[in-house]
Amino acid sequence: MKTLTILRHAKSSWSDAGLSDFDRPLNRRGERDAPRIGERMAESGLRPALILSSPAERALTTAKIVAAKLNYPREFLEKERALYHASLDTLLDIIAAQEDRVNNLMLVGHNPGMTQLANHLLPGIMNNLPTAGTLTVEIDTRDWSLYTQPKATLVRFDYPKKIGAN
């Protein structure tokens, strides 16, 4: 059994037109939502063995904030360049490359790939994974090869506006 959590970066700022897409930071809402979603993940008992993040500023900042809330050692958080605007095929390649001994993996990245991955794991689950949205599934498998439709079970789906509704 494997557990996979996907997390879309928190809301980013578009206020500085001179910044590249890669360098855009979180905006105020993102700075508020990332710790809140991290706290909710911690309350649910999520304990990833490995966190891989896109190195883009908004994704890496989100990953660091969430990792802190999960008491995940920041120095073990890994940047994975291929997560930056990764397609579904690239995401599946990144996942498949993980060692089988890792049973609980978290990816922090970008749309549309993260939504596509969610729908690959659980067909029709959503139209759009919101910013700071997170989806955790358990997958009935011994390895990380998820190219064919895996048998996945929803463990948790959460996002900031859902928090506000509770």
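Which strands does helix 4 lie across?

Guide: Quick housekeeping before that. This is a predicted model, where local features need pLDDT of at least 70, side-chain atom pairs count only at pLDDT 80 or more, and totals for chains, interfaces and linings use all residues. Numbering starts from 1 along each chain as its sequence is written, and side-chain values use heavy atoms, with hydrogens and water left out.

Now, helix 4 (residues 113–121) lies across strand 1, strand 4, strand 5 (134–139) and strand 6, and runs at about 150 degrees to strand 1. Helices (H or I, at least four residues) and strands (E, at least two) are DSSP runs, numbered from the N terminus. Angles run from 0 to 180 degrees between N-to-C directions, using axes fitted to C-alpha atoms, for helices over the stretch in contact; contact means heavy atoms within 4.5 Å.

The sheet itself is open, with six strands ordered 3-2-4-1-5-6 and mixed pairing, where a pair needs at least two DSSP bridges. Strand 3 (78–79) and strand 6 (152–158) sit at the edges with a single partner strand each, so one side of each has no neighbour in the sheet. Over at strand 3, two bridges tie it to strand 2 (residues 50–53), and the two run parallel; there, L52 has E78 as its bridge partner. Helix 2 packs on the sheet too, touching strand 1 (2–8), strand 2, strand 3 and strand 4 (104–109), with its direction at about 160 degrees to that of strand 2.

Helix 2 (residues 57–69) also meets helix 1 (residues 28–43): their axes come within 8 Å and cross at roughly 40 degrees. Among the residues making that contact are A34 and P35 of helix 1 and I65 and V66 of helix 2.
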